[in-house]
Amino acid sequence: MTFAEVIEVVGKVVDAAGVAAIVVGALFATFLSVTRRREGNVYRLFRRRLGRSILLGLELLVAADIIRTVAVTPTLESVGVLAAIVLIRTFLSFSLELEITGRWPWQQAPEEDLPRSDAEDRDARSTGTRDAAGTVGP
């Protein structure tokens with residue numbers, strides 16, 4: 001195999017990993033939402049999990065595009081196409097981050113708005129306490 005063929009295969013593997021991250025993340029988010037629908041605030045948790053899997057998949061897809069474009073076909077046209085793809089996917093990533101967290105990626109979260117882990121959510125639900133916003137908490 002030549003170097004270009006190896007890089008093409010690596011790019012396809014990373015592409016497949018990106019698609020797999022989105023599909024598996026969507027299935028996992030759906031499964032958890034269906035099996036835990038009585039635990040409250042399922043929609044918010046589903047959106048957060050689904051958004052995270054889409055963000056991870058987009059990052060992997062961008063990495064695959066960079067690998068193939070820079071290593072295999074570094075022409076001015078291919079770099080221009082790569083730049084357009086990266087801009088579109090970056091915009092999507094920022095939009096998803098805004099949807100998931102309610103703030104831009106460069107904005108720091110206030111201490112009280114930091115997202116809880118699934119384990120913290122589970123612990124809070126087991127104690128049955130809720131904060132002023134109606135979310136379960138300590």
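In what order do the elements of the chain run, from the N terminus on? They run α-α-α-α, and the chain has 4 helices and 0 strands. Helices here are DSSP runs of H or I with at least four residues, strands are runs of E with at least two, and both are numbered from the N terminus.

A quick word on the basis, everyone. This is a predicted model, with local features needing pLDDT of at least 70 and side-chain atom pairs counting only at pLDDT 80 or more, while totals for chains, interfaces and linings use all residues. Residues are numbered from 1 along each chain as its sequence is written, and side-chain values use heavy atoms, with hydrogens and water left out.

Now the whole chain. Of its 138 residues, 25% are buried; buried means under 20% relative accessible area, exposed over 50%, and partly exposed in between, with a 1.4 Å probe and protein chains only. Among contacts (heavy atoms within 4.5 Å) with a separation of 6 or more, 63% join residues 24 or more positions apart.

Let's turn to the start of the chain. Methionine 1 is in the segment before α1 (3-35), and it counts as exposed because its relative accessibility is 77%.

Finally, arginine 52, which sits in helix α2, residues 42-71. From arginine 52 to alanine 26 is 9.5 Å, C-alpha to C-alpha, with the two residues 26 apart in sequence.
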